[in-house]
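Keep the sequence and the 3D view side by side while you read.

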Amino acid sequence: MDASAGGGGNSLPTTGADGSKRRVCYFYDAEVGNYYYGQGHPMKPHRIRMTHALLGRYGLLDQMQVFRPHPARDRDLCRFHADDYVSFLRSVTPETQQDQIRALKRFNVGEDCPVFDGLYSFCQTYAGGSVGGAVKLNHGHDIAINWAGGLHHAKKCEASGFCYVNDIVLAILELLKYHQRVLYVDIDIHHGDGVEEAFYTTDRVMTVSFHKFGDYFPGTGDIRDVGHSKGKYYSLNVPLDDGIDDESYQSLFKPIMGKVMEVFNPGAVVLQCGADSLSGDRLGCFNLSIKGHAECVRFMRSFNVPLLLLGGGGYTIRNVARCWCYETGVALGHELTDKMPPNEYYEYFGPDYTLHVAPSNMENKNTRHQLDDIKSKLLDNLSKLRHAPSVQFQERPPEAELPEQDEDKENPDERHDADSDVEMNDAKPLQDSGRMSIV
């Protein structure tokens, strides 16, 4: 692995002794692959199980602390989401949904975000992994990974774009208990609208989203959307067109993110690694290779700031598993062989049985002039931030508790005792509403 690949003056080498210095933890629930959105639905949680199988066969699970996430509870979810919305998610079932037509419409649950067996447990699981990862970063880990998370479209009071609970917002709220500033970066092909909206008026969270823009879901993410009030210029949107390749993508990603790290100086970074920006995705229209996608992980890792890696979109599931497996290797500082070891899902990866897939010959509609114009506008926005904002802490909210129990020798497919799970603090929330204020 090229030690200079990350770029930047503060880049650390990613091989040798440095790789072992990164304390990495990984959250996985063996049940997650059993959840099923329904026949024909592009979102398939089974891809998380496929990723996990590859991690095992590549020997990566032995190099991380592995935790089974403790399910997020109602009050944990209500730190961001509305009480009545959470109550609805907890109560609705495929059998009872016809009796709740008005609620389904109100909360945008239906075709894109269907009611399926175990819906609320699914939400609790993936949210618990992201919050648990944030807790681990707050207590000394360098990198935390939850490939089941990253569901960035969910709003305070409604589901959206296959997302029900916004685990990212909940994880950022947890990080804000220890860090004055948190950076959110989104490389999913879709705009990270739910996260941007949640933090649109604060200078404590900067959101940066690289996405397809123009007649494409969710339709938000214009370069002119920069935040509001105290949050002005703390939202950055990078609108891209079809067919963007590795070189074009990195010509924006590295200079923009390098300047963001310099100006904003975050205490922690959350990177949403949606794999629908890969070439050949069932719903996507970009042309990134797995190495090109992973270069974003490598670059953000190079700053040696606590890093939470989350999943997100990705609908050609064999490539999602390839991508997130490779990016776990990047997090650990290990280059993986392209020849794939035999695994439970080997037939998915034929006929080549390799970790990497070649990008296509599709046209890159992003011209050099357009890319330079985008970069110029965004760097100009960043120049308006004179320095990292000064945030005065008042009373720190009660922290989530995660017992420091080393489980890296445990079988991650087995259910652990309750003592090894993430336990959330029972202390009273910040406000009477039970929700944390986002300021």
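**From the strands to the annotated site**

Strand S7 (residues 268-272) and S8 run parallel, joined by four bridges. Across this pairing, Val270 stands opposite Leu308 in S8. To get from S7 to S8, the chain passes through helix H10 (residues 290-301), and this β-α-β crossover is right-handed. Keep in mind that the model is a predicted one.

Now look at the side chains of S8. In a regular strand, side chains alternate between the two faces of the sheet. Leu307 and Leu309 point one way from S8, while Leu308 and Leu310 point the other way. All four of these leucines are buried.

Step back to the whole protein. The secondary structure comes to 12 helices and eight strands. The protein has 439 residues, and 61% of them count as buried. Take the contacts between residues at least 6 apart in sequence: 79% of them join residues at least 24 apart.

Next come the aromatic rings. How many aromatic pairs does the structure hold? There are 21 aromatic pairs. One of them joins Tyr37 and Phe122 in an edge-to-face arrangement, at 6.0 Å centre to centre and with 85° between the planes. Tyr37 lies in the loop between strand S1 (24-27) and helix H2 (46-57), whereas Phe122 lies in helix H6 (residues 119-138). The pair therefore ties together parts that are 85 residues apart in sequence. Tyr37 is buried, and Phe122 is buried too.

Phe162 and Tyr315 form another edge-to-face aromatic pair. Their ring centres are 5.7 Å apart, and the angle between the planes is 85°. Phe162 sits in the loop between strand S3 (143-146) and helix H7 (167-175). Tyr315 sits in the loop between strand S8 (307-310) and helix H11 (317-332).

Together with Tyr35, Phe116, Tyr126 and Tyr164, they form one aromatic cluster.

Tyr315 leads on to the annotation. Which residues carry the UniProt feature "binding site"? The unreviewed UniProt entry places it at Asp112, Gly161 and Tyr315. They span 204 residues in sequence, yet no two of their C-alpha atoms are more than 13.8 Å apart, so they gather at one spot.

Asp112 is placed in the loop between helix H5 (101-106) and H6. Is Asp112 buried or partly exposed? Asp112 is partly exposed, with a relative accessible area of 40%. Not counting residues up to four places away in sequence, Asp112 touches His41 and Phe162. Phe162 is the ring that pairs with Tyr315.

Gly161 lies in the loop between S3 and H7. Gly161 has a relative accessible area of 13% and is buried. Setting aside neighbours within four places in sequence, Gly161 is in contact with Cys113, His153 and Phe217.

Notes:
Residues numbered from 1 in each chain as written. Predicted model: local features only at pLDDT ≥ 70, side-chain atom pairs only at ≥ 80, totals over all residues. Heavy atoms only, no water. Phe/Tyr/Trp six-rings, centres within 6.5 Å; stacked < 30°, edge-to-face > 60°. Helix = DSSP H or I, 4+ residues; strand = E, 2+ residues; numbered from the N terminus. Buried < 20%, exposed > 50% of the residue type's maximum accessible area, 1.4 Å probe, protein only. Pairing = 2+ DSSP bridges. Right-handed = clockwise from strand over helix to strand, strands pointing away. Contact = heavy atoms within 4.5 Å. UniProt positions renumbered as here; feature names shortened; annotations may be inferred.
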